[in-house]
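Grab a pencil and let's work through some charged side chains together. Each exercise comes with a solution you can follow step by step.

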Amino acid sequence: MDLEEQRRAVETSFLSNLHPDDAPRHPLYAALCDLAGQTPQVIDMMLEVEPTQRRAVLFLAVLHDMALREPAGPVGGHYPTAIFLAGLESGMDVDTARDTAAKVEVGHSDAQAILQFALDHDDELIDAMRVRRTQTNEVGRSGLLMLGLQVIGRGEPTALIDLGCSAGLNLVAPSYRHVRTDGVELGEPTSKVVVPVDVRHGRGPTAPVDLVWAGGIDLDPVDPADQEAARWLLACQWPDDLDRFERTRQAIAQWSSMDSRPEVKSGDLVEELPRLVDAAPSDARLVIHHSWVVSYLTVDQQVALRSTINDLRRDRPIDWLYLEHPSGVPGLQPPRSIGDRRRGSSLFVLDRDDRGPVVLGQAHPHGTWIALDGDWR
Ligand SMILES: C[S@@+](CC[C@H](N)C(=O)[O-])C[C@H]1O[C@@H](n2cnc3c(N)ncnc32)[C@H](O)[C@@H]1O
């Protein structure tokens, strides 16, 4: 890519960052992405970052992290999440702090103030973007993961490997409460982490999930028990969705309080995968899963992942499940959906060991809804 093409790619990342359905509900990020995408100094800053990380979400998360670090500081007042944390710090209970923050209307003028803050702190911002990675650990995606595990396992003992699992919050998917609009409820009914999924088309599976083992790999695993790392997980969320923010806070708290947790290996997912497959119990059905990870890899790395999984299949059956945006993962050769392409949706693909890849459905990138391709009961 020449320099002009690189600049255009960064602009596009800002201007297409929000799913079209989401933009009206997220006026702060909609305005900030619009302003940042048209500000040459911001594009210059992004070009200082390694190519696979030059994304609007990284810029937004680094700024959000600065606000959360000092909720009552110069930029905190423009972020509902920082206002919420400032409320908690001042002694409010969760509901009062959330209601107080939800009443604050944020929009274009807040985005302008945040952008000015970014331009005034460009060196700090660039330094942070060079070492940080987009590590949104989206618990909302665990609802889709559970649906995929139902289709694959049909109640049989299943082992899960989650590639690029960030903190690993989705490795404990069965410990959350899952509520789908097709009437299916799964997981722990008493969990404070409630994961809703709107099933907009097709029929979802009804079988239980029996997850007997789980392990993850991440280039840079986030330890939720570490305060700064946990703040980074929260900074990767959107600042005007307080319910999602609070759900992640609860998932972090739940993970931190667990006596035994699945192991998250540090390393490259292609290199580490064979070792983790060896560690998985041989008498369980093995599922390899990834969500919003492989688009951060080069096409060569994507091809290497595909051939590694196919090589590993010579030793044992492996089902492969992923939620990715098809245009970002050409190296996986995702199948086409049989339904009309829904704007901005990700593909939820199941590549069964013996049957090849099919699209389970098209879904919101954060897992809030899925339009299933067919009947998966
Ligand atoms: C956008 S996050 C998604 C996290 C998680 N899968 C989810 O859906 O909540 C992408 C994650 O992939 C990890 N990652 C990126 N490249 C990787 C690689 N080559 N090997 C292992 N992990 C990688 C990042 O560190 C980050 O935690």
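**Exercise 1.** In this predicted model, find the partner with which Asp353 forms a salt bridge, and say where the two sit.

*Solution.* 
- Step 1: The partner is Arg313, and the closest N and O atoms of the pair are 3.4 Å apart. A salt bridge needs the nitrogen within 4 Å of the carboxyl oxygen, so the pair qualifies.
- Step 2: Asp353 belongs to the loop between β9 (346-352) and β10 (356-363), while Arg313 belongs to the loop between α13 (299-312) and β8 (318-324). The pair therefore ties together parts that are 40 residues apart in sequence.
- Step 3: Now check the cover. Asp353 has 29% relative accessibility, so it counts as partly exposed. Arg313 has 15%, so it counts as buried.

Salt bridges can also share partners: Glu156, Arg285, Asp319 and Arg352 are joined into one network that way.

**Exercise 2.** How many salt bridges does a search of the whole structure find? Then take a look at the one between Arg69 and Glu124.

*Solution.* 
- Step 1: The search turns up 22 salt bridges.
- Step 2: In the Arg69 and Glu124 pair, the closest N and O atoms are 3.1 Å apart. This pair links distant parts of the chain, with Arg69 in helix α4 (residues 56-69) and Glu124 in helix α8, 55 residues apart.
- Step 3: Arg69 comes out at 44% relative accessibility, so it's partly exposed.

**Exercise 3.** Work out what separates Arg98 and Asp95 along their helix.

*Solution.* 
- Step 1: Arg98 and Asp95 form a salt bridge, their closest N and O atoms being 3.3 Å apart.
- Step 2: Both are in helix α6 (residues 94-103), and because they are three residues apart, about one helical turn separates them.
- Step 3: Asp95 is partly exposed, because its relative accessibility is 46%.

**Exercise 4.** Which residues gather in a patch of negative charge on the surface? Which helix gives the most to this patch?

*Solution.* 
- Step 1: The patch gathers Asp120, Asp122, Asp123 and Asp127.
- Step 2: Helix α8 (residues 122-131) gives the most, with three residues.

Technical notes:
Residues numbered from 1 in each chain as written. Predicted model: local features only at pLDDT ≥ 70, side-chain atom pairs only at ≥ 80, totals over all residues. Heavy atoms only, no water. Patch = residues over 30% accessible without salt bridge, like charges linked within 9 Å, V, L, I, M, F, W, Y side chains within 5 Å. Areas by Shrake-Rupley, 256 points an atom, 1.4 Å probe, with all protein chains shown as cover. Salt bridge = Lys/Arg side-chain N within 4 Å of Asp/Glu carboxyl O. Lys, Arg positive; Asp, Glu negative; His and termini not counted. Charge placed at Lys NZ, Arg CZ, Asp CG, Glu CD. Helix = DSSP H or I, 4+ residues; strand = E, 2+ residues; numbered from the N terminus. Buried < 20%, exposed > 50% of the residue type's maximum accessible area, 1.4 Å probe, protein only.
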